[in-house]
Amino acid sequence: MAETNSRMETILKAEKLTKDYPVLKGLIIPKEIGRVKAVNDISFEIQSGETLGVIGESGCGKTTLARIVMGLEDVSSGSVSFMGKTIKKGMSKDLRRHIQMIFQDPYSSLDPRMSVRRILEEPLRIHCKMTKDERLDRVLPLLEQVGLPAESLERYPHEFSGGQRQRIGIARALILEPELIVCDEPVSALDVSVQAQILNLLRSLQKEKHLSYLFVSHDMSVIRHISDRILVMYLGQMMELADKRTLFETPAHPYTKALMKAVPVPDPEIKDQCHVLKGEIPSPVDVPSGCPFCTRCPKSMGICSQSRPEVNEIEDGHFVACHLYNKEEAK
Amino acid sequence: MNQKENALLSLQGLKSYYESRDGSEVAAVDGVDLELYPGEIVGIVGESGCGKSTVVRALMRLLDPSSARIAGGKAVFCGKDLFGLSEREMCGIRGKDISMIFQDPLSALDPVYTIGDQIEEILKAHEHISESEAKEKALELLREVNIPSPELRLNQYPHELSGGMQQRVVIAIALACRPQILIADEPTTALDVTVQAQILELIRELRDKLNIAVILITHNMGVVAAICDRMLVMYGGVVVEEGTCKEIFKAPKHPYTRGLLAAIPSIKEEKEELYTIPGQVDVMKVPVACCRFYKRCALAADICRRSEPELKGEGGHLCRCYMAADGAEGSSGGLGFGKEALHG
């Protein structure tokens, strides 16, 4: 999708993002005993109108990454910028309105004491000087676009089902007409049939409004459906980054391959499903030295536990961090 | 059907109603039949609110009596109707002959007791066994569910283990008294995919080794396809389609099953747009006198509005639909989506 787009330009640029948190011990006088690198040296770009999918298992830092892009967390090192302006915690309102977020849980992300009208008008009150009627003129067509009846305006979140609430959440994110939307697991709390409705809605809105998404999920098939390019993360580090077709047809990193094999497919004819990867994800406090995946990797070599693999571009736009693809050793 | 005598468990017309706030009754489960044979894994799939969890909760007699009741039906296990037993007798069966594992392993385990204590507890409750024997058996069980360094784990507390490890402990507890039936209610929903694969593998392995029957409840079609032999698709408190996994995934008959399969994004292939089932799950107030799915169904005709179809079919592949019965096998004409959408 991104290639066919003539208006392609980089709107978000992240360079060597690193975020670490202190690990504290002791109840009364907490002492720092170490640091967790939730996000470790990650670089990527998002073009206008494209979806970058971020996939990984729990503790891989995908939510932290989303929060950094939203300006809800400051980076420890590295930088992230939107159209050339740096994103940080205290960034200006003018910058913030261009990046909005859709959350995972449609139950806790809407204020139960606000009517839908207030929920949707609140961003306008904060960011725009508008009269009551002007605000309503913005809210009403948007409600229709996300598939909610106009009567919803005066109703409260508890009167809606999970799927409808997620539609309210989407409308709230869209009301300021942002360029980039950060979606943190927006469909994982929903049933399959509702999930399909929301995914279709997100895609049609993207086409209509030329939006860019940073789409975070743990579900491989959802990511495949929605993304143009995909970033695979493991324990805070980037394992692989490629466009969708390349990643699914010729995955390079052993972790990406394992992740794909582990997903059960709705087809009982496929034998040997749930290909089992040994061991569990190590604690992020105690990341293995060298490649973070070396303890579970079926192709682990001596070097893997000693040094961290560099990110290599093995073909155009296909980045892999694995010693198997190291340029010198490739021969 | 001549196998009927060998069925380990047979649910006949199970009904379970919840009281709603306005005093009327809502059918969570409205007439479910299920037969379970040793050594098979039966999947119950459906979306939230379809009654899949209520079926097994009713069967285990774990429903909250203040809001829910068993409104009819029988659950015959080893010649006894479970609904006719006293609470005391039921306690002797629960955890011993029929045991259960839950979605969230951390809330299924008691945070203030060690893993060892919790496994020994169930052994001591159901079997006359000495302290040292119990300890030894607990160790053996931990080995059985492939927990690394089991000696160390015995003295650890639940929070010290990872999610996958906790679920293994829950499975060890469930298997402690060598049950004949294991009920797994969304056992992998809270876990990561790579860990999910390990747990599914473990359940399959234990089934092969111990020849237990497993009822697996899930909303994930992939999980069903990966490990179940037979499956039941539930909607609105009833089974709408039943059969072997092979048959159902190859040629789903009920419009709901077809829609559900078409709505899943695929990891194998590209789908331009996902099929969506319009509307949402309705609350089923009793009595129901129409097809429960007709409001959302693309095939709905007059008859669907007037009476409820029966669950019928040939060769064990049953379907509750007027319109699917005369439809040719595998064809999906008139459904609003083509066959390629179903399998793609």
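## Briefing: aromatic pairs, a buried helix and loop residues

A:Phe293 is buried, with a relative accessible area of 0% (buried means under 20% relative accessible area, exposed over 50% and partly exposed in between, with a 1.4 Å probe and protein chains only). This is a predicted model, in which local features need pLDDT of at least 70 and side-chain atom pairs count only at pLDDT 80 or more, while totals for chains, interfaces and linings use all residues. Residues are numbered from 1 along each chain as its sequence is written, chains are lettered from A and ligands numbered from 1 in the order in which they are written, and side-chain values use heavy atoms, with hydrogens and water left out.

**Aromatic pairs**

- Over all chains, the structure holds six aromatic pairs (rings of Phe, Tyr and Trp, the latter by its six-membered ring, pair if their centres lie within 6.5 Å; planes under 30 degrees apart count as stacked, over 60 as edge-to-face and the rest as tilted).
- One of them joins A:Tyr255 and A:Phe293 edge-to-face, at 5.0 Å centre to centre and with 65° between the planes.
- This pair links distant parts of the chain, 38 residues apart, with A:Tyr255 in helix H9 (residues 254-262) of chain A and A:Phe293 in the loop between H9 and strand S11 (311-315) of chain A (helices, H or I with at least four residues, and strands, E with at least two, are DSSP runs numbered from the N terminus).
- In chain B, B:Tyr256 and B:Phe293 form an edge-to-face pair, at 5.2 Å centre to centre and with 65° between the planes, and both residues are buried.
- Ring pairs also link A:Tyr234, A:Tyr255 and A:Phe293 into a cluster.

**A buried glutamate**

- A:Glu57 lies in the loop between strand S3 (51-55) and helix H1 (62-69) of chain A, and is buried, with a relative accessible area of 3%.
- Leaving aside neighbours within four places in sequence, A:Glu57 has contacts that include A:Tyr234, A:Tyr255, A:Arg296 and B:Asp192 (contact means heavy atoms within 4.5 Å).

**Helix H5 of chain A**

- Because 12 of the 13 residues of H5(A) are buried, this helix is largely enclosed by the rest of the structure.
- The buried residues of H5(A) pack against several elements of chain A, including helix H3 (116-127) and strand S7 (180-184).

**Loop residues**

- A:Glu177, in the loop between H5 and S7 of chain A, is exposed at 53% relative accessibility.
- Most residues other than glycine have a negative phi, whereas A:Glu177 has a positive phi of about 55° although it is not a glycine.
- A:Ile28 is exposed, with a relative accessible area of 78%, and its place is in the loop between strand S1 (10-25) and strand S2 (31-47) of chain A.
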